[in-house]
Amino acid sequence: MSTRLSSGGRLVNRSATCEFTFNGKRFTGFEGDTLASALLANGQTLMGRSFKYHRPRGVVASGAEEPNALMGIGKDGKFEPNQRATTAELFDGMQATTQNHWPSLELDVGAVNSALPRFLPAGFYYKTFMFPRPFWKHVFEPVIRKSAGLGKAPKDRDVDRYEHFYAFVDVLIVGGGIAGLQAALTAGASGARVLLVEQTAAWGGRAAVDGVEIDGQAAGEWINNTIQELKNMSNVRIRTRAMGAGVYDHGYSLVYERLTDHAPETGGPRHRLWRVRATQIITATGAIERPLSFAGNDIPGVMLASAVRDYVVNWGVSPGDRTVVVTNNDDAYRTALALLDAGLSVPAIIDARADVTGDLPQALRARGVDIRTGTGIATVKGGKTVAGVSVCAQAGEGAATDEIACDVVAMSGGWSPVVHLWSHCGGKLIWDEDHAHFRPDPDRAPVTHDGTAFVRTAGAAHGTMSTLDVLDSAAKSAIAAVEAAGFKATQHDLPLTNDVVEAPMSPVWMMPQGAGPAKRMKMWLDYQNDVKVSDVMLAAQEGYESVEHTKRYTTLGMATDQGKLSNINGLATLAIALNEDIPQVGTTTFRPPYTPISMGSIAGEARHDVFQPIRRTPIHEWHEAHGAYMEPVGQWRRPYCYPRNGESHDDAVAREVLATRQSLGLLDASTLGKIIVKGPDAAKFLDMLYTNMMSSLKPGKCRYGLMCNENGFLMDDGVVVRLDDETFLVHTTSGGAEHTHGHMEDWLQCEWWDWKVHTVNVTEQWAQIAVVGPNARKLLEKLGADFDLSAEGLPFMGWSEGKLGGFDARVFRISFSGELSYEIAVPASQGRVFWDALHAEGAEFNATAYGTEALHIMRAEKGFIMIGDETDGTVIPQDLGLGWAISKKKEDYLGKRAQERSHMTDPKRWKLVGLETLDGSVLPDGSYAVADGTNANGQGNTQGRVTSTYHSPTLGKGIAMGLVLNGPDRMGETIQFNKVDGSTVATKIVNPVFYDPEGEKQNV
Amino acid sequence: MSKASALMGARSDGATMVEEMGLRGMITVKGDLSDIDLKNAVTGTSGLDFPAQRQISTVEERALAWMAPDELLLLCPHDEADQMVATISRHLAGQFATVINVSDARAMFRVSGPDAREVLAKLAPVDLHPDSFGPGEMRRTRLAQVAAAIWQSDDDEFLVVCFRSVAQYVFDILSLSAQDGSDVGYF
């Protein structure tokens, strides 16, 4: 049974206890524990259930590579599923729960799947649930979803906050083991700006656990001294709990910093995502030990050899009383030594190699440990815990020679460098026969804009294993990096190290070598996704030759651990099955992030009120104070209507329309785009931009214009004002200002770069208010102006400027409602006061604020189009009866040639008409006009569609606009429009101008 | 008549303070920046040195900033802006140049305190290391999701200009990033 040792544990503080619960049970651990080490210390070896077969699982690893011990941690707004117990630092009050079992971790009925592995082989779902198709969605998937799965999604809103941080460095070093520390020392000495990040809370990586000595100092001492030295360098920054998550083009990289996961009650952000721009990156990310594939290698108690000694040395925890070490290399003997030093029993070391002569095995032999060479594990005995192992010859088929009782199996299949960050941006790998691993190929590094390498490797991530080589590679990479970043490197003397002679490892991809199908079905490759040796072999047998295909077919390496333990073993197994060399089979693609990062960190500050910028006009607060129901228009929020005392939105809209038509309405039109176009060529430019002629517009006048893109489609519309000979003010739609401005600059910068035109977006300089209705002029006259407001002095489509009631005003006499109407612009700083003044002075005319819906209805009553309603990116002005706004005199304008194409001139294009239901009802939005027969897909034919539809308070009935086949030629004809309930409504085609067709009201 | 800035001087207190600074005159000048008449018109009217690329020259409430290869921004007291526009325009009459008062299209903030630099580095993808970004440097960039311009105005003080409509958003993200307990300890 696992337990806390009476002494030891370099990372735990035994004087600080932490109470925590595990599935509701109360446990105690120490500060410095991980959740995994604390659970082992409390004798809890069962930590989860597997994904597919619900097999009992214990912790396998001690770090980021852990596939099994995934927990839900926290509760309510701080709950997060799928956290690795090996990387979750223990804190007082932690609440951890296991996942993927029912009813309990100990008794899981889903484990029945485990009894049926032959029925759930690779590709089982693909093969079984193909037919009948509808069953997948409604029958199979819900059942499968219930039985398979990891943690549950949080139910509550995340209460924590998150942020980003942008850092620009010369050298980013990822990994705070001795390689990363050495690289930082060397790089820092050059004066380069260095950022060193380490994913765990502790510096030094494995060196202290492995008993490394550097220059006569124990690793721990060297690490502490080095940290001090780095802290004293003003150009070096070091961060723990900060993981290099991804490397992207041009040295962009992400560092995921976990600030309060270990102390959730602390204030401040929980995670910070560093968005680093590094000239050079050094990955000192270490290596991950590989499991061995033997039958029963997933039983709780079977662990990586390195993890076993981590628990003993780092956390003073014994994973069990009797540990059998099984290995193909010398390094695992360090685990046996650590166990013996802690007073624990190592009944045997099972070494697959025939010949075992290295310094470490000799040291173990000297201590009397039973070393079985040329042997392997035939099978692990046990269910929820290890009871023992049966031993066999590695070279045979697995006939057991004897059994050894034990409760832990420490396995080592060799080490694989962590090449993820190297590979993210295209770094290539090379197969190293000696160590049987892929390592970065320095000749094919990730390259930056000029084709030179921007990622280098150091230490075990480089493929080096001895302390001396680790430090040497780190110093060399650091020198190369700072020189590439333009600094002068200081040469570094190599330290003295206590490396021992290690004998070569021998690759073992299956144990025993000749294991038959029964054993292969119990050899787990991917613990998290329950992929076994037999599954990969089946995939190969069924023709999956590419490792990428095999991965997807078997789900090998597709779980949240992304195959950190399983990939190399899996592809080696595939290579054997295909009878190919491992490098020929290759690896799957490594993609960021290295381990999962929180969604919160990706969102950063963009949550709640600042999820998205909301644009506010200078009058926004008034709208809110007056109960406006707001709607988004681009990023603006505009009042849709202003319901009063329990009024429905429909009633409010009707009231606003009638008040405006009968007396006086006020609209906050500040969101309208306003772009100054100025220069000697401004008129020529606008002639190209608009379909109609703008150069003939006289100063003092306004003209409505249509803007098309080069494909001829209507893009934006608005009123153009000529301020003076060389200066125009272009009004755009509210949502179209930025886009239109960009469109202008695109043409000016890329095509007509020699035209003398400046554009300036002045949208927000002005608050703009529409004063609309029969009493509009009276209100302006009441305010008093130092310019002529009379019908003759300021005629329809004219403009004037001056003082209006003490405000600096520009008054445009334009109308989007059909009423006598002025749009008045005042500087934004005067906007709110001006709005208030209009209401105060307009009270006698029942001045009524109206919203966008009233605006829409009034323009529809007049048959005015709305960009986004009557247009959808496929509509040309000719479709909308706007031929009058298309100049026949101009040689060219944007869209002209496109509009001459055969499809654009096709008489069968649907054209704009007014629509009126015979029963006066409102046509459904998006309704289609039905036609006889069906199309090739068996769908009913159509002959038109509704583009705008409203109840007109003015006319007391439904009105609509739509595009209809030959519409303008069919006035008075009745056609059918479909409704949501499947029925149709008889609708008459009419003139789209429903209200005041002669235009008498706006022209008074 | 009272004129209102976007947030009426809103401020959030803490180790790092964020304040809306009220109305400031701002004038966009577009034209050929190598043209001596343009340089003279702008520097003569404002009394400020002509800024080099990405630079800003400041004297009290006036400042002249390089915005783009053909664009400057002139800052001045709000009530001087119209007069400045008129004066510069008069000097540049007949030339291809555009001078426009954009004062009210903007909002301006002061971020001050020992972590002011870090607060901006949480929001702007700019190298704000003191070696790279010091007084005199002006950067057009973004703060989270909106456009902004930033420069250092004093030892622990930075100024921010953004569009008026997003003033609340900018105030909110600056205040959020300046919250006590969220210092990075990087610079």
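In chain A of this predicted model, helix α4(A) meets helix α5(A) through Ile178(A), Leu181(A), Ala184(A), Leu185(A) and Gly188(A). Their partners in α5(A) are Ala219(A), Ile223(A), Thr226(A), Glu229(A) and Leu230(A). The residues of this contact divide into seven nonpolar, two polar and one charged. The notes below cover the geometry of that pair, the two chains, their contact, and some local features.

**Helix pair α4(A) and α5(A)**

- Two packed helices are described by the angle between their axes and the distance between the axes.
- Here the angle is about 35° and the axes are 10 Å apart.
- Helix α4(A) covers residues 178-189, and helix α5(A) covers residues 219-231.
- The crossing of the two is left-handed.

**Chain A overall**

- Chain A has 1004 residues, and 54% of them are buried.
- Its secondary structure comprises 23 helices and 51 strands.
- The C-alpha trace spans about 115 × 65 × 55 Å along the principal axes.
- Of the contacts in chain A between residues at least 6 apart in sequence, 66% join residues at least 24 apart.

**Chain B overall**

- Chain B has 187 residues, of which 50% are buried.
- It has four helices and eleven strands.
- Its C-alpha atoms fill a box of roughly 55 × 45 × 25 Å along the principal axes.
- A compact globule with 187 residues would have a radius of gyration near 16 Å; the 17 Å of chain B agrees with this.
- Among contacts in chain B between residues at least 6 apart in sequence, 60% join residues at least 24 apart.

**Contact between the chains**

- The contact takes 39 residues from chain A and 39 residues from chain B.
- On the side of chain B that touches chain A, β3 (25-30), β7 (98-101) and α4 (167-177) each supply at least two residues.
- The largest share of that side, six residues, comes from α4(B).
- By class, the side of chain B that touches chain A has 20 nonpolar, twelve polar and seven charged residues.

**Helix α4(B)**

- Eleven of the eleven residues of α4(B) are buried, so this helix is largely enclosed by the rest of the structure.
- The buried residues include Tyr169(B), Phe171(B), Ile173(B) and Leu174(B).
- Asp172(B), Gln168(B) and Ser175(B) are also among them.

**Helix α1(B)**

- In α1(B), residues 36-46, the buried positions are Leu38(B), Ala41(B), Val42(B), Thr45(B) and Ser46(B).
- Seen down the helix axis, these buried residues fall within an arc of 100°, so they line one face of α1(B).
- An α-helix has 3.6 residues a turn, so residues three or four places apart point the same way.
- Exposed residues Ile36(B) and Gly44(B) sit on the face of α1(B) turned away from its buried side.
- The cover over the buried residues of α1(B) includes β3, β5 (62-68), β6 (71-76) and α2 (81-91) of chain B.
- Gly47(B) follows α1(B) and has a positive phi, near 75°.

**Phe807(A)**

- Phe807(A) lies in strand β43 of chain A, residues 807-812.
- With 21 C-beta neighbours inside 10 Å, Phe807(A) counts as buried, because the cut-off is 20 or more.
- Beyond its neighbours within four places in sequence, Phe807(A) is in contact with Val826(A), Gln830(A) and Phe834(A).
- Thr934(A) is 127 residues from Phe807(A) in sequence and 62 Å from it in space, C-alpha to C-alpha.

**Backbone exceptions in chain A**

- Most residues other than glycine have a negative phi, and most peptide bonds are trans.
- The bond from Met511(A) to Pro512(A) is cis, with omega near -5°.
- Pro512(A) is in the loop between α10 (467-484) and α11 (517-520) of chain A.
- A cis bond also joins Pro592(A) to Pro593(A), with omega near -5°.
- Pro593(A) is in the loop between α15 (582-585) and α16 (599-603) of chain A.
- Asp76(A) has a positive phi, near 50°.
- Asp76(A) belongs to the loop between β6 (70-73) and β7 (80-84) of chain A, and counts as exposed with 12 C-beta neighbours inside 10 Å.
- Asn82(A) has a positive phi of about 60° and is found in strand β7 of chain A.
- With 18 C-beta neighbours inside 10 Å, Asn82(A) counts as partly exposed.

Methods
Residues numbered from 1 in each chain as written. Chains lettered and ligands numbered in written order. Predicted model: local features only at pLDDT ≥ 70, side-chain atom pairs only at ≥ 80, totals over all residues. Contact = placed C-beta atoms within 7 Å. Nonpolar A, V, L, I, M, F, W, Y, C, P; charged D, E, K, R; others polar. Arc of directions from axis to C-beta. Axes fitted to C-alpha atoms, helices over the stretch in contact; angles between N-to-C directions. Left-handed = near helix turned anticlockwise from the far one by under 90°. Rg over C-alpha atoms; globule rule 2.2 N^0.38 Å.
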